[in-house]
Amino acid sequence: MLYLSTNRKSDPVSFSEALLRGQAPDRGLYMPVTIPEFSRATMADFVNLSYDEIAFRVATLYMEDELPAQELRRITRESYDFNIPLERVTDRKYIMRLDQGPTASFKDFAARMMGRLMQYYLDQSNGRLLILTATSGDTGSAVANAFYGLDNIQVVVLFPRSEVTERQRRQMTTLGKNVHILALDSKFDDCQTLVKKAFADQELVHLKLSSANSINIGRLIPQIVYYFYAWSRLARTDVHENIIFSVPSGNFGDMMGGVLALKMGLPVKKFVIATNENDEFPMYLNSGIYRKIEPSRNCISSAMNVGHPSNLARLVSLYGGLMDEQGKITVEADMEAMRKDLFSVSIDDTKTRETIQKSYRENGVLLEPHGAVGWAGLHEYLDHVPGISKDQLCVSIETAHPAKFPGEIQKLLELEPAVPPSLEGLDHKTEFYSNLGLDYREFKAYLLDQFG
Ligand SMILES: *Cc1c(COP(=O)(O)O)cnc(C)c1O
């Protein structure tokens with residue numbers, strides 16, 4: 001399997017190269033040249049497989065020529081040793097909780113597998129890497145946790161100080177060792193811009209920079225798996241029953257995993273792409289005109305405060321178009337085909353708060369702000385299209401544990417979400433982090449000083 005840049009100006013590379021590089025030299029994102037497919041019979045059999053076995057089947061299609069099967073099997077087994085609750089709310093509408101990993105967000109699914117894959121390839125070649133990651137809260141902790149203590153990988157995480165909760169910050173800053181955390185008085189987009197500049201900087205090549213953001217193809221492939229898993233557990237797989245997914249979206253890595261699953265043969269009736277007030281994507285899907293939002297809007301679903309989703313270039317390429325890293329479209333995508341597969345809606349903070357209250361009071365279901373955007377988006381879609389049967393299978397994704405956002409939930413529901421074991425004890429640990437300005441030269445000097 002080869003991987004090509006969405007900008008189509010660099011040479012195709014192998015999976016391991018795409019994984020270790022992160023971004024392509026032409027600043028595009030790597031995509032597999034062809035999307036592999038499962039037969040219906042293979043998919044129907046997933047009902048008999050555990051999550052980590054399904055992960056192994058999916059990953060095999062993308063990397064089997066570069067990794068012994070027993071190594072890949074070990075990696076998937078070690079990565080997925082936690083629960084994936086599918087909670088029925090009403091009729092056949094479910095919440096899939098991807099919050100039981102070690103840092104309590106869905107980012108664990110990708111980070112744990114990607115960390116192990118990188119480590120495998122570095123061990124083979126005696127290599128080393130410096131991972132740079134911008135985070136809106138959850139990527140930083142998931143990546144830091146997944147790479148913590150590895151001796152051939154250093155991790156630098158940039159986060160916007162005022163956009164993460166105290167618990168989210170402490171999950172990153174209490175680790176130390178090979179994990180280096182930088183706080184910025186700015187927005188997630190600014191953090192991402194600094195990181196992207198460093199990747200493109202020829203004077204930093206010797207640092208062996210790589211990315212753990214969802215621009216890395218190694219994050220995307222693990223995020224295909226839970227769509228197959230949910231379907232295998234809930235659908236009538238023998239008749240290839242279709243399913244609707246609702247995905248609360250920011251940088252669109254989660255959603256791209258889903259769209260890849262669809263292209264691989266999963267019978268998805270519709271993906272609902274629910275954004276917060278950063279509505280550049282719903283506007284684009286409706287009008288065909290793309291305008292990024294600068295600066296991005298601050299919403300309570302802070303991990304989705306993204307004014308220009310990196311992975312949009314991948315989506316556009318999957319539908320035959322070309323979008324560069326600035327968001328400029330030079331070849332139009334097939335918008336009709338995109339609208340057939342996707343529905344997108346923007347959910348404002350008022351609606352998000354109402355949804356948290358309503359789902360708790362009416363259904364006893366505790367959602368945090370991101371999951372609430374997804375759940376509200378699903379209902380916008382069901383209200384928008386007449387005639388969808390009550391029996392239609394729908395799964396909305398809850399991307400983080402409510403205990404990561406205790407402030408908002410306390411205000412709305414007057415209760416303190418129970419803290420899962422993964423988040424316990426953070427309040428008493430020492431924090432290690434540095435402050436960074438917005439100037440790229442300062443960031444570059446830090447990298448050269450610390451790692452040069
Ligand atoms: C990262 C994140 C999202 C957005 O996921 P994308 O892949 O960036 O679209 C949603 N919810 C939570 C809790 C997150 O951490």
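1. E163 sits in the loop that runs between β6 (153-160) and α7 (166-173). In this predicted model, E163 has a relative accessible area of 8%, so the residue counts as buried, the cut-off being under 20%. Leaving aside residues up to four places away in sequence, E163 touches S136, S186, K187, F188, N298, S302 and N305.

2. S10 also belongs to a loop, the one between β1 (3-5) and α1 (15-21). Its relative accessibility is 12%, and S10 therefore counts as buried. The S10 side chain makes a polar contact with the side chain of D26, at 3.0 Å. D26 is also one of the residues that S10 touches; the others are L4, S5, A24 and P25, again not counting residues up to four places away in sequence.

3. I221 lies in the loop between α9 (217-220) and α10 (222-234). With a relative accessible area of 1%, I221 is buried. Not counting residues up to four places away in sequence, I221 touches Y3, F15, V58, A59, Y62 and M63. How far apart in space are I221 and M114, which are 107 residues apart in sequence? From C-alpha to C-alpha, the distance is 9.1 Å.

4. Helix α3 covers residues 51-63. At 1.5 Å a residue, its 13 residues should span 18 Å, and the C-alpha atoms at its ends are 18 Å apart, so the two values agree. The helix is mostly covered, with 10 of its 13 residues buried. Those buried in α3 are Y51, D52, I54, A55, F56, V58, A59, T60, Y62 and M63.

5. Helix α15 (residues 349-363) has 15 residues. From its first C-alpha to its last it reaches 20 Å, close to the 21 Å expected at 1.5 Å a residue. Which residues of α15 are buried? They are D349, T352, T355, I356 and S359. These residues cover an arc of only 115° around the axis, and therefore lie on the same side of α15. On the other side of the helix, K358, R361 and E362 are exposed. The cover over the buried residues of α15 includes α16 (369-384) and α17 (406-413).

6. The two ends of α15 can be described separately. At the start, a side-chain oxygen of D348 comes to within 3.3 Å of the backbone nitrogen of T350. After the helix comes G364, which has a positive phi, near 65°.

7. For the chain as a whole, the secondary structure comes to 18 helices and 15 strands. Why can the chain be described as compact? A compact globule of 452 residues would have a radius of gyration near 22 Å, and the chain has 20 Å, which agrees. Along the principal axes, the C-alpha atoms fill a box of roughly 60 × 50 × 45 Å.

8. Buried residues make up 63% of the 452 in the chain. Of the contacts between residues at least 6 apart in sequence, 76% join residues at least 24 apart. The accessible surface of the chain is about 17,200 Å², and 46% of that belongs to carbon and sulfur atoms.

Notes:
Residues numbered from 1 in each chain as written. Predicted model: local features only at pLDDT ≥ 70, side-chain atom pairs only at ≥ 80, totals over all residues. Heavy atoms only, no water. Helix = DSSP H or I, 4+ residues; strand = E, 2+ residues; numbered from the N terminus. Expected span 1.5 Å × (residues − 1). Buried < 20%, exposed > 50% of the residue type's maximum accessible area, 1.4 Å probe, protein only. Arc of directions from axis to C-beta. Contact = heavy atoms within 4.5 Å. Polar contact = N/O pair within 3.5 Å; in protein donor to acceptor, adjacent residues only side chain to side chain. Rg over C-alpha atoms; globule rule 2.2 N^0.38 Å. Areas by Shrake-Rupley, 256 points an atom, 1.4 Å probe, with all protein chains shown as cover.
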